[in-house]
Amino acid sequence: MLEAYQPSAVEAAWGDWWEKENFFTCDPAFAKGKDPAVDKFSMVIPPPNVTGSLHLGHALTAAVEDTLTRWHRMKGHATMYVPGTDHAGIATQSIVEKQLMKKEGINRHDIGREEFVKKVWEWKEEYGNRITTQLRYLGSSVDWSRERFTMDEKCSKAVTESFNRFYESGILYRANRLGNWSCALKSAISDIEVDTLELEGRTFLSVPNHKGNPKDKSGKYEFGVITSFFYEVEGTGEKLEIATTRLETMLGDTGVAVHPKDDRYKHLHGKYIIHPFNGKKIPIVLDDILVDMEKGTGVVKVTPAHDPHDYDCGKRHNLEFLTMLNDDGSINELGGKDFSGMMRYDARIAIEDALKAKGLLGEKKPNKMNIGICSRSGDILEPRITPQWYVNCDDMAKRAADAVRNGDLKILPKDHEKTWFYWLDNIRDWCISRQLWWGHRIPAWFATKIGETGVDKNSMTHNDRWIVARDEAEAKEKAAAFLKCEPSEVLLEQDNDVLDTWFSSGLFPFAVFGWPDQTEDLEAFFPTSLLETGLDILFFWVARMVMMGLQLTDKLPFHTVYLHAMVRDKEGRKMSKSLGNVIDPLEVIHGCTLESLFAKLEAGNLPKKEIEKAKKEQGEIFPNGIPECGSDALRFGLLSYTVQGRDVNLDITRVVSHRQFCNKLWNATRFALQFVSDFKPENDLGNIILKSGKASIRDLFMLSRLNDAVNGVNDCLTAYEFGLCQQRAHSLWINDICDVYLELIKPVVYDLSEENKDKRWAAQATLWHSLEQGLKILHPMMPFVTEELWQRLPGRGTLGASEPRTIMLAPYPEGNEAFANKKIEENMKVVMGAVTACRGMKTTYNVLPKERPSFFFKAAGKDVEDILAAQKDDIETLGKGILKIGEAPPKASAIVVVDDSLTMYMDLAGMVDYAKELKKLAKEKGKLEGTIDGLEKKMAKPDYEEKVKQEIKDKNKEALDASKVKLDNVVSAIKNFEDMQAAE
């Protein structure tokens, strides 16, 4: 056994062995018929995006989920934990496109759809295993034989089937509607992928795909303003003032609205304005919904194809719907020769200049407003009319909300229910089509007859020609029936769009088990037990799984949702590549140099300016790199943070401290093994110890503390209180096993005399039992080091056919009232109070550790006296001295009042050189007085408050306060020594 704990050595081989031995899998026959609430646990991993590597947020997910999985498996439950990755349509396509441009100087259009998709699959095969590698290093006990990818054959079949079933049930449809459009992605996105940027007033922002604003030094574009301009009324010379925050959209104006009761404009009813750039006549319409007479000039421009309110107005007045933007956000032919081809915000500047030249530009004012931002690309979104596929979610959303309201589905922490209800009670139809090439291509074909012309697939007139089917052959049969012709006469064109990534992710809990086929796995493991994930995707993913599960299987996909906190850096900032605070779990597990962190930044796709910024951040956070911590320390450290509230402010140095716990665990077990090297364990050892009659008070105390920890940890895991669970396990090992019991039994185990035989056996048995149970308690949280140490316990492999081969299949400890002994635990508190007093007096008076002074006590009652007398040996062992029973303390004694029932004394005769100690303390006193004087003078300077930074002032105050406390202690010690010297 290695002298020191080395995580790389401990964690090197166990994962491969566990996987090779199929310890992670579960036979569906074993799971069938078991009750998920009692003896079955099934869970799917939230499939991370295949685009890259896991970060520490994912590592927290893995730690929580694997802790639960291993715990259930050890409890003998039928346990299934399914891994998988998500194809991440937008992110993956973006990465491969950037690589193509970087390496070959081409884009996807240069090579065509089929070749591009082939390139993405090649990228997936080359880089897609990074996540599975990380999960293996983290020790996740997922069933790798059931690993899924959201675009593999099984998941793809589920996607096609669900699309068809939605369509057949009437909730899926194709429509030409106004929706959110990302010009950077050239794709529609759904409402919940929109972030809101609140602007207090004039603000300059960078915009993707724009060359830069020539009127701004940094090239940013102006937002948060409202601009006035004028439309001329046809044939009158009158001008109408209109204010807008999106000046460029005037190119798509097809109406101007006034309130029908506004007397100012009654003379204009039925008239037209003339567009200043294209000369078109635009009607003045009367609208009491869109127009507020009290707001602005009471005249509103109407752009039906680019604003949701204008869209409704356009419908009411049968206005023309003109789209003035191309897919990429450039101005289309509606811009004419002056503006066509310009990017939208460059066109805004040019239109402003052109209006000014025509004398039609009014004033520009700061304007508080909100801007919709694409959460996928950071682009400023445009409302745009495009043909898309939608799902009506009304009924599904109601069922999902009702499931929580009636208690069938639990959301933990419970306060997240209000977010659940907010989204589902205000559900909108879900736009599920995306204008991408990577993803599940929509299983719909546009049908025409061979030779037929003039049939536009984008026209709503021919919308019924879109044939939804499970494959092209079925589509051809359906199309032939619709067109009333032979299948051989049908010409099909599949929709170019793909499905929203969240569509396939929403099917994950049942698609992984083979749905729509009625497989053994589906019967055995679905519905799953729990969905554990971050609270940021409560609606993105969790709600959709519930809605789709209820719609397609008529079952909730899980009965509990546990949402863990968001992981941020120690300053509370969101993890961001540009900040340099995104940490790969492997960098913590294996350790890494600052140079390797820099190299990772250089190898990424960040702009040079962002790389330098990130390097600066990393240099400040990790000046010496990240030390090797190992997976166990990382998992244990992350779990400790789950006692916090909404967010986790992660400090890597705190995780490093848990590496020290692993070291303590290793050293303590290694040390303890010498005590049990000649011990032969038996099955059911705890009960054997109790029934033997050989157990001492210290042994019974240890068994009681162990039982208390077992109950506490089980209760915590049942209640998903992972931080408290970690604390209970940590406390058992540090406070009970290491600091108390191991120390107490040293003299017992070292005594090989015949008369000590029974005591020694009881101590060895209790120690072996405590080590094994303690390791099993820790195993779900720290799988590698516990397996290593459990396998090294003496007698392993000698306990018969029922003995498990691995700790992960060993029975998890269960509480037993027979081991609970509160009286002994209370008595031990008295004993430890005495021990602490003894140790404290030795430290105060600088008594050498090897010296064994005499201790005396005065107890307020016989009960306390009896407790100390009964555990005299234990007090002497831990207190490192001789306890005198029934003797009065000498005059020259140190005194510590433990509490109102106990006072401890230490005989100082011959123990202390008073003159030497007083000289030493006088020197320390002088040094502290000098420090205090210097700090007080510095802080008393006239310009101190104004010129000194706050952080320096805080440090000075902290140093001054600490020095004063130390001085008080030194003065008190001097008085004590002088009093003792006088008494002697």
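## Salt bridges and backbone features of a predicted model

Asp517 and Lys157 form a salt bridge, with their closest N and O atoms 2.8 Å apart. Asp517 lies in the loop between helix H17 (508–511) and helix H18 (520–525) and Lys157 in helix H9 (residues 153–168), so the pair ties together parts that are 360 residues apart in sequence. A salt bridge here is a side-chain nitrogen of Lys or Arg within 4 Å of a carboxyl oxygen of Asp or Glu.

The model is predicted: local features need pLDDT of at least 70, side-chain atom pairs count only at pLDDT 80 or more, and totals for chains, interfaces and linings use all residues. Residues are numbered from 1 along each chain as its sequence is written, and side-chain values use heavy atoms, with hydrogens and water left out.

**Overall build.** The protein has 35 helices and 33 strands. These are DSSP runs numbered from the N terminus: helices are H or I with at least four residues, strands are E with at least two. The C-alpha atoms fill a box of roughly 120 × 80 × 55 Å along the principal axes. Of the 984 residues, 53% count as buried. Buried means under 20% relative accessible area, exposed means over 50%, and partly exposed lies in between (1.4 Å probe, protein chains only).

**Salt bridges.** The structure holds 74 salt bridges. Side chains of opposite charge can pair when their charged atoms come close. Asp425 and Arg405 form one of these bridges, at 2.6 Å from N to O. That pair links distant parts of the chain, 20 residues apart: Asp425 is in helix H14 (residues 417–425) and Arg405 in helix H13 (residues 394–405). Glu474 and Lys478 also meet in a salt bridge, at 3.2 Å from N to O. Both sit in helix H15 (residues 472–483), 4 residues apart, so about one helical turn separates them. Salt bridges that share partners join Glu161, Arg165, Glu168, Arg470, Glu474 and Lys478 into one network.

How exposed are the paired residues?

| Residue | Relative accessibility | Class |
|---|---|---|
| Asp517 | 36% | partly exposed |
| Lys157 | 43% | partly exposed |
| Asp425 | 42% | partly exposed |
| Arg405 | 46% | partly exposed |
| Glu474 | 23% | partly exposed |
| Lys478 | 33% | partly exposed |

**Backbone exceptions.** Most residues other than glycine have a negative phi, and most peptide bonds are trans. The peptide bond from Leu412 to Pro413 is cis, with omega near -10 degrees. Pro413 sits in the loop between strand E19 (410–412) and H14. The bond from Trp515 to Pro516 is cis as well, with omega near 15 degrees. Pro516 lies in the loop between H17 and H18, the loop that holds Asp517.

Asn22 has a positive phi, near 60 degrees. Asn22 lies in the loop between helix H2 (14–20) and helix H3 (28–31), and counts as exposed at 52% relative accessibility. Ala88 has a positive phi of about 50 degrees. Ala88 is in the loop between strand E3 (84–85) and helix H5 (89–104), and counts as buried at 5%.

**An annotated segment.** An unreviewed UniProt entry places a "coiled-coil region" at residues 911–938. UniProt positions follow the numbering used here, feature names are shortened, and annotations may be inferred rather than shown by experiment. In the model, residues 911–938 are 89% helix and 0% strand, with the end C-alpha atoms 42 Å apart.
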